[in-house]
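Biologist: I have a model open on my screen and would like to learn how to read it. Could you walk me through some features, one at a time?

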Amino acid sequence: MTLKDVVEDTYAQAQDELFELLRIASVSADPAYKPEMQRAAEYLQSKLGTLGFIARIDATAGHPVVYAERLQAPDAPTVLIYGHYDVQPPAPLDKWQTPPFEPSIREGRIYARGATDDKGQAYAHVRGVEALLTQGELPVNVKFLLEGEEEIGSPNLEAYLEAHASELKADVIVISDGSRFAPDVPTVTYGLRGLSYVEVHVTGANRDLHSGSYGGAAPNAINMLAQIITRLKDDQGRITIPGFYDGIEDLTDEERHMWAQLPHDDAEFAGSIGASALPGETGYTTLERLWARPTLDVNGIWGGYQGEGSKTVIAGQAGAKISMRLVPGQDPERITKLIQDYIPTIAPEGAQVEVVALHGGQPVKIDLDNAYVRAAGRALEAVYGKTPSFTRGGGSIPIVAAFRSVLKAPVVLVDFGLNADAPHSPNESFAVEDYRNGILTSAALLQELGSARQSAQDSV
């Protein structure tokens, strides 16, 4: 029986198991869900144990890590598969067509919080290993590292990597936690943007004030915050923070040509998100702005009265959350310091401003000539029957840089999801076909990686 036959014959079980995992509300950001976090870790530990892995749950200063290993191929490479079992908060609940933690299928898609980010993609690797085991022993040694804090910036994982570096040693690290280019375009991701995330607090007066008694004379924190935000970019879409663009790695001609061949249409892209225009930095294509240029976006804003009806007040305080996606050549700590220094200089008179650093991550770019990247390309071609595309991702996985610096191993990013899956949004989903193909791709990838180590050594 071929691997494809195995995956087809066992898909119903694979879906049932994923649904069981999706029903666990493992929201890492909210302490109220801590018992659910433990349940999710125990579920994964138990499943991997049934597959012959030595599996355990390791405590951290926050949520636990699930570590498992099956080392039965002494002369073969070792592959470390990373994923995360925590999910984003489900709010706003009224926007979900079905409850976020009661998975359902509509029009060939699995709907649930975590369906694509990252339970569905991570569990595809678990089932890929299981499919391979029906063919005999695994062609490689496999380790799993499944964490519970990716959605809050992985604050404890780097310390975990450093403490367990020898145990986690691997020839290559495989991650599936993002989106491929398009439904019919198998994709190897070779770059990720980094992140600097801050919160801006603005105070005008010591309390909210009556707009009739104080309007025209008192500082309005919301107005002042709005002025600060508008001053962070110029009319060409460029970020105005001094030194922000220093040291950025330019796109190569090869990359520009490669991306220009992708089946992208600006009008279709805009239509897919219900937008009438695609604003951004002048002088760059949409894909270049998405993957290879830094950004600054306001992710949330608050202040004043938000309830029903009217309340005529001048806000004493206001705030905003601001994320900056970074590209190779930018360091998140440096960028955070730059915005902390800059915002007070553009704040209007009367504004008391505090810029609080929340979290960040390093940008990553992977060598396209890496033997493991080529192995991933072969695995995708075997499953999809077409040559894969090589793209960068606009999102951030902060721990990728730590993997490279602490474990000294190359990283391969093979994504099974799509932006249309709406990760982080209401009605998050994962196509049934993508879950099935993810399982098959995982199995094919482990087979290809089994023969890639010598090539990797030869290329050093």
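This is a predicted model: local features need pLDDT of at least 70, side-chain atom pairs count only at pLDDT 80 or more; totals for chains, interfaces and linings use all residues.

Biologist: How many residues does helix H11 have, and how far does it reach?

Modeller: Helices are DSSP runs of H or I with at least four residues, strands are runs of E with at least two, and both are numbered from the N terminus. The expected span of a helix is 1.5 Å times one less than its number of residues. H11, residues 332-346, has 15 residues and reaches 21 Å from first C-alpha to last, close to the expected 21 Å.

Biologist: Which residues of H11 are buried?

Modeller: An α-helix has 3.6 residues a turn, so residues three or four places apart point the same way. Buried means under 20% relative accessible area, exposed over 50%, and partly exposed in between, using a 1.4 Å probe and protein chains only. In H11 the buried residues are Pro332, Ile335, Thr336, Leu338, Ile339, Tyr342, Ile343 and Ile346. They lie on the same side of H11 because they cover an arc of only 160 degrees around the axis, taken from the directions from the helix axis to the C-beta atoms. On the other side, Glu333 and Thr345 are exposed.

Biologist: What do the buried residues of H11 pack against?

Modeller: Their partners are strand S9 (194-203), helix H7 (221-230), strand S13 (317-326) and strand S14 (352-361).

Biologist: Is Ile239 buried or exposed?

Modeller: Ile239 counts as buried because its relative accessibility is 6%. You will find Ile239 in the loop between H7 and helix H8 (253-260). Contact means heavy atoms within 4.5 Å. Leaving aside neighbours within four places in sequence, Ile239 touches residues including Phe244, Tyr245 and Pro294. Ile239 and Thr295 are 56 residues apart in sequence, yet 7.6 Å apart in space, C-alpha to C-alpha.

Biologist: Which residues line the largest cavity?

Modeller: Rolling a probe the size of a water molecule over the atoms shows where empty space is left. On a 1 Å grid over the protein atoms alone, a cavity is a set of points where a 1.4 Å probe fits but cannot get out, and lining residues have an atom within 4 Å of a point. Among those lining the largest cavity are Leu21, His84, Tyr123 and Leu146. Helix H4 (residues 119-133) gives the largest share of that lining, four residues.

Key
Residues are numbered from 1 along each chain as its sequence is written. Side-chain values use heavy atoms; hydrogens and water are left out. On a 1 Å grid over the protein atoms alone, a cavity is a set of points where a 1.4 Å probe fits but cannot get out, and a pocket is an open set with protein on both sides within 12 Å along at least five of seven lines; lining residues have an atom within 4 Å of a point.
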